[in-house]
Amino acid sequence: MGLLNGKKALILGVANEKSIAWAMAKLFQAEGAELMLTYAGEAIEKRVRPLAESIGAIVAPCNVTSDEEIAALMELAQQRWGGIDILIHSVAFADKEELKGTILSTTRAGFATALDISAYSLIGLLKAAQPLMTGRNACALAMSYYGAEKVFPNYNVMGVAKAALEASVRYLSAGMGEDNIRVNAISAGPIKTLAAAGVNGFNQILNTVEERAPLHRNITQEEVAKSALYLCSDLASGVTGEIHYVDAGYNITGI
């Protein structure tokens, strides 16, 4: 019996076959969940649609900066499923120019964009999804990174956005707790994904983690997906408002 049998999972953030969200989608489907994957724009759709079709998932557009598109997504979920049990938020963006130099390079417009897409979108999605998740022992899961807590070279405004995301997870868990909706986040170690390609010096970060983490290696998308499976299943029915680290233990080191 699958851990997610009968569950309806809405997953935002699949960009290609290397995405952490895609590893989650595959595992969730194998554990019995029905899936809906989203895309923003034609370029992403061309990569997402074949992946979705390979596991029988519904595909839908959603630009998370648009309240209208979020509302349309929820209407589709209501029509097709009647509700949502799991919402995965694996969405983040900052212009590459904002990730150069120091935080002092951040522009007002770049700051607003990064915070809107990377942090506010979780609030916007759950605000719209709340009626569909209430009464279902539902949960939401966001993706964070240790740059929310510590300074990493060239991470800049994205670190600020991830810090806002983690604070949002805590406040949302309190705001949605009365409806028995759990909200958590995974702080994943560095993984070579499309998003990571925009961070200068990313390979150096990978090498540092491999050298200093207690497990002396980097992690995989599949390892993050397994923790997501736990957090989104009834095994974690008493867990909410948590930032769960999947980083080979790097976050505990003091060097």
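The following paragraphs describe a predicted model, from its overall fold to one annotated residue.

Residues are numbered from 1 along each chain as its sequence is written. In this predicted model, local features need pLDDT of at least 70, side-chain atom pairs count only at pLDDT 80 or more, and totals for chains, interfaces and linings use all residues, while side-chain values use heavy atoms, with hydrogens and water left out.

Seven helices and seven strands make up the secondary structure of the chain; these are DSSP runs numbered from the N terminus, helices being H or I of at least four residues and strands E of at least two. Their order along the sequence is β-α-β-α-β-α-β-α-β-α-β-α-α-β.

The C-alpha trace spans about 45 × 40 × 40 Å along its principal axes. Of the 255 residues, 53% count as buried, that is, under 20% relative accessible area with a 1.4 Å probe and protein chains only. Among contacts (heavy atoms within 4.5 Å) with a separation of 6 or more, 74% join residues 24 or more positions apart.

Ala94 lies in the loop between strand E4 (86-89) and helix H4 (108-133). Ala94 counts as buried because its relative accessibility is 11%. Beyond its neighbours within four places in sequence, Ala94 is in contact with Leu99, Ala114, Val157 and Met158.

Conventions. Buried < 20%, exposed > 50% of the residue type's maximum accessible area, 1.4 Å probe, protein only.
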